[in-house]
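Please open the model in your viewer and keep the selection panel at hand. The tour below goes from one selection to the next and says what is there.

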Amino acid sequence: MDLDVFVTAHRAEWDRLEELLRRRRRLTGAEADELVALYQRTSTHLSLIQSTAPDPALTGRLTSLVARARSAVTGTRRATWQDVARFFTVAFPAAVYRSRRWWIPTALLSTLVAVLIGWWIGTHPEIQAAIAAPEQLREMTRPGGQYETYYSSNPAASFAAQVWTNNAQAAAICLIFGAFLGIPVLWVLFQNMLNIGIGIGLMTSAGRLDVFLGLILPHGLLELTAVFVAAGTGLRLGWTVVDPGPRSRRTALAEEGRAAIGMALGLAAVLFVSGVIEGFVTPSGLPTWARITIGVVAELAFLAYVYVLGARAVRRGEAGDVEAADRSAEVPLAA
(Lines give C-alpha, C1' and ligand atoms only; values in the text may rest on other atoms or scores of the structure.)
Protein backbone atom coordinates (compact mmCIF):
# COMPACT_ATOMS: atom_id res chain seq x y z
CA MET A 1 0.00 0.00 0.00
CA ASP A 2 1.25 3.46 -0.95
CA LEU A 3 0.93 5.34 2.32
CA ASP A 4 1.02 8.82 0.77
CA VAL A 5 -1.79 7.96 -1.65
CA PHE A 6 -3.81 6.39 1.18
CA VAL A 7 -3.42 9.46 3.38
CA THR A 8 -4.36 11.79 0.53
CA ALA A 9 -7.47 9.72 -0.21
CA HIS A 10 -8.75 9.64 3.39
CA ARG A 11 -7.37 12.77 5.08
CA ALA A 12 -10.62 14.65 4.49
CA GLU A 13 -12.58 11.97 6.35
CA TRP A 14 -10.22 12.10 9.33
CA ASP A 15 -10.36 15.90 9.39
CA ARG A 16 -14.15 15.79 9.26
CA LEU A 17 -14.23 13.31 12.17
CA GLU A 18 -11.90 15.59 14.11
CA GLU A 19 -14.20 18.53 13.40
CA LEU A 20 -17.29 16.66 14.61
CA LEU A 21 -15.50 15.62 17.81
CA ARG A 22 -14.58 19.24 18.57
CA ARG A 23 -18.15 20.46 18.25
CA ARG A 24 -19.33 22.11 21.45
CA ARG A 25 -23.00 22.03 20.54
CA ARG A 26 -25.18 18.96 20.39
CA LEU A 27 -24.93 17.13 17.07
CA THR A 28 -27.92 16.85 14.80
CA GLY A 29 -29.23 13.44 13.85
CA ALA A 30 -27.49 13.53 10.50
CA GLU A 31 -24.21 14.61 12.10
CA ALA A 32 -24.44 11.83 14.70
CA ASP A 33 -24.95 9.26 11.93
CA GLU A 34 -21.99 10.74 10.07
CA LEU A 35 -19.86 10.54 13.23
CA VAL A 36 -20.63 6.83 13.65
CA ALA A 37 -19.86 6.09 10.00
CA LEU A 38 -16.58 8.01 10.12
CA TYR A 39 -15.61 6.27 13.36
CA GLN A 40 -16.11 2.86 11.74
CA ARG A 41 -14.19 3.84 8.62
CA THR A 42 -11.32 5.34 10.58
CA SER A 43 -11.06 2.18 12.71
CA THR A 44 -10.67 0.18 9.50
CA HIS A 45 -8.11 2.66 8.17
CA LEU A 46 -6.10 2.32 11.38
CA SER A 47 -6.16 -1.46 11.08
CA LEU A 48 -4.94 -1.34 7.48
CA ILE A 49 -2.10 1.05 8.33
CA GLN A 50 -1.00 -1.04 11.34
CA SER A 51 -0.92 -4.26 9.34
CA THR A 52 0.53 -3.10 6.01
CA ALA A 53 2.41 0.19 6.36
CA PRO A 54 2.90 1.13 10.03
CA ASP A 55 3.82 4.76 10.51
CA PRO A 56 4.28 5.84 14.18
CA ALA A 57 3.04 9.41 13.76
CA LEU A 58 0.01 8.52 11.68
CA THR A 59 -0.83 5.49 13.84
CA GLY A 60 -0.67 7.66 16.95
CA ARG A 61 -3.01 10.26 15.48
CA LEU A 62 -5.57 7.72 14.28
CA THR A 63 -5.41 5.74 17.54
CA SER A 64 -6.25 8.89 19.48
CA LEU A 65 -8.96 9.80 16.98
CA VAL A 66 -10.58 6.35 17.17
CA ALA A 67 -10.47 6.37 20.99
CA ARG A 68 -12.13 9.79 21.18
CA ALA A 69 -14.71 8.81 18.60
CA ARG A 70 -15.55 5.63 20.47
CA SER A 71 -16.04 7.59 23.66
CA ALA A 72 -18.36 9.98 21.84
CA VAL A 73 -20.31 7.15 20.21
CA THR A 74 -20.69 4.85 23.22
CA GLY A 75 -20.82 7.57 25.86
CA THR A 76 -19.78 7.12 29.48
CA ARG A 77 -21.59 5.75 32.46
CA ARG A 78 -21.08 5.83 36.18
CA ALA A 79 -20.57 2.79 38.32
CA THR A 80 -23.65 1.89 40.37
CA TRP A 81 -24.47 -0.49 43.18
CA GLN A 82 -25.79 -2.80 40.46
CA ASP A 83 -22.21 -3.06 39.15
CA VAL A 84 -20.98 -3.98 42.63
CA ALA A 85 -23.67 -6.65 42.93
CA ARG A 86 -22.82 -8.01 39.48
CA PHE A 87 -19.15 -8.20 40.40
CA PHE A 88 -19.71 -10.26 43.54
CA THR A 89 -22.44 -12.50 42.09
CA VAL A 90 -21.13 -12.97 38.55
CA ALA A 91 -17.68 -11.66 37.60
CA PHE A 92 -15.64 -12.61 40.67
CA PRO A 93 -17.01 -16.15 41.22
CA ALA A 94 -16.76 -16.78 37.45
CA ALA A 95 -13.11 -15.72 37.43
CA VAL A 96 -12.28 -17.94 40.42
CA TYR A 97 -14.16 -20.91 38.97
CA ARG A 98 -12.59 -20.45 35.56
CA SER A 99 -9.07 -20.53 37.01
CA ARG A 100 -9.72 -23.60 39.20
CA ARG A 101 -7.47 -25.80 37.04
CA TRP A 102 -4.60 -23.59 38.16
CA TRP A 103 -5.30 -22.86 41.80
CA ILE A 104 -6.42 -26.35 42.86
CA PRO A 105 -3.12 -28.00 41.76
CA THR A 106 -1.30 -25.01 43.28
CA ALA A 107 -3.06 -25.64 46.60
CA LEU A 108 -2.32 -29.36 46.59
CA LEU A 109 1.36 -28.99 45.66
CA SER A 110 1.90 -26.12 48.11
CA THR A 111 0.31 -28.06 50.95
CA LEU A 112 2.53 -31.02 50.13
CA VAL A 113 5.60 -28.76 50.21
CA ALA A 114 4.58 -27.37 53.63
CA VAL A 115 4.07 -30.91 55.01
CA LEU A 116 7.43 -32.10 53.65
CA ILE A 117 9.21 -29.08 55.14
CA GLY A 118 7.48 -29.75 58.46
CA TRP A 119 8.48 -33.42 58.39
CA TRP A 120 12.07 -32.51 57.50
CA ILE A 121 12.36 -30.02 60.34
CA GLY A 122 10.49 -32.18 62.86
CA THR A 123 12.71 -35.22 62.28
CA HIS A 124 16.07 -33.47 62.09
CA PRO A 125 17.21 -31.84 65.36
CA GLU A 126 20.20 -30.28 63.60
CA ILE A 127 17.81 -28.32 61.36
CA GLN A 128 15.89 -27.13 64.42
CA ALA A 129 19.16 -26.02 65.99
CA ALA A 130 19.93 -24.00 62.87
CA ILE A 131 16.60 -22.18 63.15
CA ALA A 132 17.06 -20.96 66.73
CA ALA A 133 18.77 -21.74 70.01
CA PRO A 134 17.20 -24.50 72.18
CA GLU A 135 15.86 -22.04 74.74
CA GLN A 136 14.28 -19.94 71.99
CA LEU A 137 12.65 -23.03 70.51
CA ARG A 138 11.22 -23.94 73.91
CA GLU A 139 9.87 -20.42 74.32
CA MET A 140 8.11 -20.67 70.96
CA THR A 141 6.59 -24.13 71.43
CA ARG A 142 5.83 -24.41 75.17
CA PRO A 143 2.27 -24.03 76.51
CA GLY A 144 1.55 -20.33 76.54
CA GLY A 145 4.57 -19.73 74.29
CA GLN A 146 4.95 -17.50 71.26
CA TYR A 147 2.97 -19.71 68.89
CA GLU A 148 -0.04 -19.57 71.20
CA THR A 149 0.19 -15.93 72.27
CA TYR A 150 0.87 -14.58 68.76
CA TYR A 151 -2.83 -14.36 67.94
CA SER A 152 -3.63 -12.41 71.11
CA SER A 153 -0.52 -10.21 71.11
CA ASN A 154 -2.54 -7.16 69.95
CA PRO A 155 -6.16 -6.01 70.31
CA ALA A 156 -8.37 -8.16 68.08
CA ALA A 157 -9.50 -5.35 65.77
CA SER A 158 -6.00 -4.00 65.06
CA PHE A 159 -4.60 -7.52 64.72
CA ALA A 160 -7.30 -8.45 62.19
CA ALA A 161 -6.61 -5.26 60.21
CA GLN A 162 -2.88 -5.94 60.18
CA VAL A 163 -3.34 -9.54 59.06
CA TRP A 164 -5.81 -8.49 56.37
CA THR A 165 -3.43 -5.87 55.00
CA ASN A 166 -0.47 -8.27 54.87
CA ASN A 167 -2.45 -11.05 53.21
CA ALA A 168 -4.10 -8.70 50.71
CA GLN A 169 -0.66 -7.41 49.73
CA ALA A 170 0.60 -10.97 49.20
CA ALA A 171 -2.43 -11.81 47.05
CA ALA A 172 -2.02 -8.60 45.04
CA ILE A 173 1.65 -9.42 44.38
CA CYS A 174 0.64 -12.84 43.04
CA LEU A 175 -2.04 -11.39 40.80
CA ILE A 176 -0.30 -8.30 39.50
CA PHE A 177 3.24 -9.60 39.12
CA GLY A 178 2.16 -12.95 37.70
CA ALA A 179 2.81 -11.48 34.25
CA PHE A 180 6.55 -11.75 35.03
CA LEU A 181 6.35 -15.43 34.04
CA GLY A 182 5.00 -16.30 37.50
CA ILE A 183 8.38 -16.04 39.22
CA PRO A 184 7.26 -13.60 41.99
CA VAL A 185 4.25 -15.87 42.59
CA LEU A 186 6.47 -18.88 43.26
CA TRP A 187 8.51 -16.81 45.73
CA VAL A 188 5.42 -15.67 47.67
CA LEU A 189 4.11 -19.25 47.76
CA PHE A 190 7.42 -20.62 49.00
CA GLN A 191 7.65 -18.03 51.78
CA ASN A 192 4.13 -18.90 52.98
CA MET A 193 4.70 -22.64 52.86
CA LEU A 194 8.08 -22.28 54.57
CA ASN A 195 6.53 -20.40 57.50
CA ILE A 196 3.79 -23.02 57.87
CA GLY A 197 6.30 -25.87 57.49
CA ILE A 198 8.51 -24.43 60.22
CA GLY A 199 5.52 -24.21 62.56
CA ILE A 200 4.49 -27.79 61.78
CA GLY A 201 8.02 -29.09 62.29
CA LEU A 202 8.75 -27.27 65.55
CA MET A 203 5.39 -28.00 67.16
CA THR A 204 5.57 -31.64 66.04
CA SER A 205 8.99 -32.01 67.66
CA ALA A 206 7.50 -30.60 70.86
CA GLY A 207 4.56 -33.04 70.70
CA ARG A 208 2.05 -30.20 70.27
CA LEU A 209 1.02 -30.45 66.60
CA ASP A 210 -2.64 -30.67 67.62
CA VAL A 211 -2.36 -27.28 69.33
CA PHE A 212 -0.74 -25.76 66.24
CA LEU A 213 -3.45 -27.11 63.92
CA GLY A 214 -6.12 -25.91 66.33
CA LEU A 215 -4.69 -22.40 66.04
CA ILE A 216 -4.09 -22.27 62.29
CA LEU A 217 -7.10 -24.11 60.85
CA PRO A 218 -9.91 -21.74 61.95
CA HIS A 219 -8.64 -18.88 59.79
CA GLY A 220 -6.02 -20.68 57.73
CA LEU A 221 -8.40 -22.70 55.56
CA LEU A 222 -10.03 -19.63 54.02
CA GLU A 223 -6.89 -17.51 54.13
CA LEU A 224 -4.72 -20.06 52.35
CA THR A 225 -7.45 -20.79 49.81
CA ALA A 226 -7.48 -17.09 48.90
CA VAL A 227 -3.69 -17.10 48.59
CA PHE A 228 -3.80 -20.24 46.43
CA VAL A 229 -6.46 -18.68 44.18
CA ALA A 230 -4.30 -15.58 43.78
CA ALA A 231 -1.19 -17.64 43.12
CA GLY A 232 -2.92 -19.92 40.62
CA THR A 233 -4.35 -16.93 38.78
CA GLY A 234 -0.96 -15.24 38.77
CA LEU A 235 0.65 -18.36 37.32
CA ARG A 236 -2.06 -18.51 34.68
CA LEU A 237 -1.36 -14.89 33.79
CA GLY A 238 2.34 -15.71 33.50
CA TRP A 239 1.56 -18.65 31.21
CA THR A 240 -0.55 -16.33 29.04
CA VAL A 241 2.66 -14.45 28.23
CA VAL A 242 4.18 -17.71 26.98
CA ASP A 243 1.10 -19.14 25.27
CA PRO A 244 -1.75 -16.68 24.60
CA GLY A 245 -3.69 -19.29 22.63
CA PRO A 246 -5.80 -18.19 19.64
CA ARG A 247 -5.86 -14.58 20.86
CA SER A 248 -3.14 -12.06 20.22
CA ARG A 249 -0.76 -11.75 23.17
CA ARG A 250 -1.88 -8.17 23.77
CA THR A 251 -5.58 -9.12 23.80
CA ALA A 252 -4.99 -12.18 25.97
CA LEU A 253 -2.98 -10.21 28.54
CA ALA A 254 -5.59 -7.43 28.58
CA GLU A 255 -8.45 -9.87 29.21
CA GLU A 256 -6.63 -11.99 31.79
CA GLY A 257 -5.11 -8.91 33.43
CA ARG A 258 -8.49 -7.23 33.88
CA ALA A 259 -9.89 -10.43 35.40
CA ALA A 260 -6.86 -10.68 37.72
CA ILE A 261 -7.27 -7.10 38.94
CA GLY A 262 -10.94 -7.77 39.60
CA MET A 263 -9.99 -10.88 41.53
CA ALA A 264 -7.65 -8.80 43.69
CA LEU A 265 -10.67 -6.80 44.85
CA GLY A 266 -12.76 -9.92 45.43
CA LEU A 267 -10.00 -11.73 47.30
CA ALA A 268 -9.50 -8.67 49.49
CA ALA A 269 -13.07 -9.20 50.69
CA VAL A 270 -12.41 -12.93 51.27
CA LEU A 271 -9.23 -12.14 53.19
CA PHE A 272 -11.15 -9.60 55.26
CA VAL A 273 -13.39 -12.44 56.47
CA SER A 274 -10.38 -14.66 57.26
CA GLY A 275 -8.73 -11.71 59.04
CA VAL A 276 -11.82 -11.25 61.22
CA ILE A 277 -11.74 -14.97 62.08
CA GLU A 278 -8.02 -14.78 62.87
CA GLY A 279 -8.46 -11.70 65.03
CA PHE A 280 -11.60 -12.67 66.93
CA VAL A 281 -12.11 -16.46 66.69
CA THR A 282 -8.62 -18.01 66.69
CA PRO A 283 -7.49 -16.43 70.01
CA SER A 284 -10.93 -16.75 71.61
CA GLY A 285 -11.78 -19.03 74.52
CA LEU A 286 -13.98 -21.24 72.36
CA PRO A 287 -13.20 -24.97 72.37
CA THR A 288 -10.85 -26.09 69.62
CA TRP A 289 -13.60 -28.04 67.85
CA ALA A 290 -15.82 -24.95 67.76
CA ARG A 291 -13.08 -22.73 66.34
CA ILE A 292 -12.19 -25.29 63.67
CA THR A 293 -15.87 -25.72 62.83
CA ILE A 294 -16.18 -22.00 62.18
CA GLY A 295 -13.18 -22.17 59.86
CA VAL A 296 -14.56 -25.19 58.00
CA VAL A 297 -17.97 -23.53 57.57
CA ALA A 298 -16.33 -20.38 56.16
CA GLU A 299 -14.25 -22.48 53.76
CA LEU A 300 -17.22 -24.55 52.57
CA ALA A 301 -19.29 -21.40 52.12
CA PHE A 302 -16.61 -19.89 49.86
CA LEU A 303 -16.26 -23.09 47.81
CA ALA A 304 -20.05 -23.33 47.42
CA TYR A 305 -20.12 -19.67 46.36
CA VAL A 306 -17.51 -20.36 43.68
CA TYR A 307 -18.87 -23.68 42.45
CA VAL A 308 -22.53 -22.61 42.39
CA LEU A 309 -22.50 -18.96 41.30
CA GLY A 310 -19.20 -19.24 39.42
CA ALA A 311 -20.12 -22.37 37.46
CA ARG A 312 -23.50 -20.90 36.58
CA ALA A 313 -21.91 -17.68 35.32
CA VAL A 314 -19.28 -19.53 33.26
CA ARG A 315 -22.00 -21.64 31.61
CA ARG A 316 -23.59 -18.37 30.53
CA GLY A 317 -20.34 -17.34 28.88
CA GLU A 318 -18.91 -15.12 31.63
CA ALA A 319 -15.12 -15.05 31.94
CA GLY A 320 -14.63 -12.71 34.89
CA ASP A 321 -13.75 -9.82 32.59
CA VAL A 322 -15.49 -6.45 32.75
CA GLU A 323 -18.62 -5.95 30.68
CA ALA A 324 -18.10 -5.42 26.96
CA ALA A 325 -19.19 -1.78 27.17
CA ASP A 326 -16.36 -1.03 29.61
CA ARG A 327 -13.58 -2.63 27.56
CA SER A 328 -11.22 -0.80 25.28
CA ALA A 329 -12.10 -0.89 21.62
CA GLU A 330 -10.51 -3.73 19.70
CA VAL A 331 -9.41 -2.56 16.29
CA PRO A 332 -10.28 -5.21 13.68
CA LEU A 333 -7.31 -6.92 12.09
CA ALA A 334 -6.94 -6.70 8.36
CA ALA A 335 -6.87 -9.98 6.46
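Helix axes here are lines fitted to C-alpha atoms over the stretch in contact, and angles run from 0 to 180 degrees between N-to-C directions. Helices (H or I, at least four residues) and strands (E, at least two) are DSSP runs numbered from the N terminus. This is a predicted model, in which local features need pLDDT of at least 70 and side-chain atom pairs count only at pLDDT 80 or more, while totals for chains, interfaces and linings use all residues. Residues are numbered from 1 along each chain as its sequence is written, and side-chain values use heavy atoms, with hydrogens and water left out.

Select α9 and α11 to begin. Their axes come within 7 Å and cross at roughly 20°, which makes α9 roughly parallel to α11 (under 35 degrees counts as roughly parallel, over 145 as roughly antiparallel, 65 to 115 as roughly perpendicular and the rest as oblique). The crossing of α9 past α11 is right-handed, meaning that the near helix is turned clockwise from the far one by less than a right angle.

Next, select Tyr-150, Tyr-151, Asn-195, Glu-223 and Glu-278, which of the 27 residues lining the largest pocket lie nearest its centre. Two or more lining residues come from each of α8 (146-149), α9 (156-176), α10 (183-205) and α11 (209-242), and α11 gives the most, with seven. The pocket has about 760 Å³ of space, and its lining divides into 13 nonpolar, twelve polar and two charged residues. On a 1 Å grid over the protein atoms alone, a pocket is an open set of points with protein on both sides within 12 Å along at least five of seven lines, a cavity is a set where a 1.4 Å probe fits but cannot get out, and lining residues have an atom within 4 Å of a point. Grid points are joined across faces, edges and corners, and a volume is the space filled by probe spheres set on the points.

How many cavities of 30 Å³ or more are there? The count comes to one, and the largest cavity has about 70 Å³ of space. To find this cavity, select its lining residues, including Arg-98, Thr-233, Arg-236, Glu-256 and Met-263; α12 supplies the largest share, four residues.

Finally, select residues 289-308, where the chain is 100% helix and 0% strand and the end C-alpha atoms are 28 Å apart.

Note on methods:
Ala, Val, Leu, Ile, Met, Phe, Trp, Tyr, Cys and Pro count as nonpolar, Asp, Glu, Lys and Arg as charged, and the others, Gly among them, as polar.
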